[in-house]
Amino acid sequence: MRREIERRLGLKAVDIYGLSEIMGPGVACECVAQAGLHGWEDHFLFEVIDPGTGRSLPEGEAGELVITTLTKEALPMLRYRTRDITRLTSEPCACGRTHRRILRVTGRNDDMLIIRGVNVYPSQIEAVLVGLPGSAPHYQLVVERKGSLDHVTIEVEADPAAERAAYAEIGRGIAHHVKSLVGITTDVVVRRPGEIPRSQGKAVRVRDLRPKTG
Ligand SMILES: [Zn+2]
C-alpha cells in the first residue's frame with residue numbers, strides 16, 4: 001500500500017505512530033531511511049514486555065510495546081500497555097539519529113486468533129499475501145466454528161491484472177503458502193478487485209463468527 005501511495009502521489013511516505021492515550025500521532029516517526037520509527041526518547045520511555053508474564057524483554061525480541069510518558073503533564077501515563085506487538089532496536093540508523101527505533105508493528109495482542117491451538121496474527125497472513133503474485137493487499141479472514149473445530153476462510157482480492165481463469169490457481173497457491181508459513185489450513189476465496197469492503201480508518205481484517213464464550 002505504501003509503494004502504491006508513493007507511486008501515485010510522487011512522494012516518500014513515512015510511518016508515524018501514536019495513540020490518543022499518550023498524545024495522538026507523533027510518539028514515534030520514521031525518517032527517510034524508512035527503517036523503523038524513531039521513538040522520541042526525550043519524552044517517552046519505551047519497553048517491550050512479554051504480554052503473558054509482563055516481564056521486560058531484551059532488545060530485539062518481539063513483544064508488547066509499553067510506553068511511559070516523561071514530560072506529559074496533568075495526565076501522565078506509567079507503563080501504558082499499547083497491545084501493539086513489535087521490537088525495539090538501537091542499532092545505528094542510516095539517517096544518523098540515535099533515538100531507538102520501534103520496528104514494524106506486526107500485530108496486536110487483541111488481534112491474535114487461536115486456530116486449533118495455533119496462535120495466528122492476521123498480519124502473518126497479510127505477509128504471505130503481499131509476497132505472492134496475483135493477489136492484492138485487500139483481504140478479510142472469516143473465522144467460524146465447524147463442529148468443534150475452528151475454520152478460517154481467507155477472502156482476498158485478485159490483482160486487477162489477473163485473469164478470472166487464474167483465480168482458482170491463485171487461491172490454491174495462497175492456501176499452500178499459508179499452510180507452510182503460518183501452519184494453518186485455510187479455504188481461500190479469490191474475489192474480484194473492489195469486492196472486499198473498505199473501511200474508514202483502521203482496516204477490519206477479521207470477521208469472527210464463532211460463538212462467544214464466557
Ligand atoms: Zn533514521
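Glu195 forms a salt bridge with Arg192, with 3.5 Å between the closest N and O atoms; a salt bridge is defined here as a side-chain nitrogen of Lys or Arg within 4 Å of a carboxyl oxygen of Asp or Glu. The structure is a predicted model, in which local features need pLDDT of at least 70 and side-chain atom pairs count only at pLDDT 80 or more, while totals for chains, interfaces and linings use all residues. Residues are numbered from 1 along each chain as its sequence is written, and side-chain values use heavy atoms, with hydrogens and water left out.

Glu195 is partly exposed at 38% relative accessibility, and Arg192 is partly exposed at 42%. Buried denotes under 20% relative accessible area, exposed over 50%, and partly exposed the range in between (1.4 Å probe, protein chains only). In total, the structure holds 14 salt bridges. Side chains of opposite charge can pair when their charged atoms come close.

Helices (H or I, at least four residues) and strands (E, at least two) are DSSP runs, numbered from the N terminus. Asp150 pairs with Arg210, the closest N and O atoms lying 3.1 Å apart. This pair links distant parts of the chain, 60 residues apart: Asp150 is in strand S13 (residues 149–158), and Arg210 is in the segment after strand S15 (206–208). Asp150 is buried, with a relative accessible area of 11%, and Arg210 is buried at 13%. Arg145, Asp150, Asp208 and Arg210 are linked in a network of salt bridges. Glu157 forms a salt bridge with Arg198, with the closest N and O atoms 2.7 Å apart. Because Glu157 lies in strand S13 and Arg198 in the loop between strand S14 (186–191) and S15, the pair ties together parts 41 residues apart in sequence. Glu157 counts as buried, at 2% relative accessibility.

The zinc ion has as protein donors Cys31 (SG), His38 (NE2), Cys93 (SG) and Cys95 (SG), at 2.0 to 2.3 Å. Donors are N, O and S atoms within 2.8 Å of the metal (3.2 Å for Na, K and Ca); water is not among the atoms, so sites may look incomplete. The four donor atoms subtend angles of 104 to 111°, and the arrangement is therefore tetrahedral; for four donors this term requires all angles to lie between 85 and 135 degrees. Along the chain, the donors follow the spacing C-x6-H-x54-C-x1-C. Cys31 is in the loop between strand S2 (24–30) and strand S3 (37–39), and Cys95 is in the loop between strand S7 (88–89) and strand S8 (101–102), so the pair ties together parts that are 64 residues apart in sequence. Cys31 is buried at 6% relative accessibility, whereas Cys95 is partly exposed at 29%.

An open sheet is formed by four strands in the order S4-S5-S6-S9, with antiparallel pairing. Strands S4 (44–49) and S9 (107–108) are at the edges with a single partner strand each, so one side of each has no neighbour in the sheet. Two strands pair if DSSP finds at least two bridges between them. S4 and S5 are joined by six bridges, and Ile49 stands opposite Glu64 in S5. Four bridges join S5 (residues 63–69) to S6 (residues 80–86); Ile67 has Tyr80 as its bridge partner in S6, and Gly63 has Thr86. In S5, seven of seven residues are buried.

Terms used
Four donors count as tetrahedral if all angles lie between 85 and 135 degrees; four count as square planar and six as octahedral if opposite donors are over 155 degrees apart and all others between 65 and 115; anything else is irregular.
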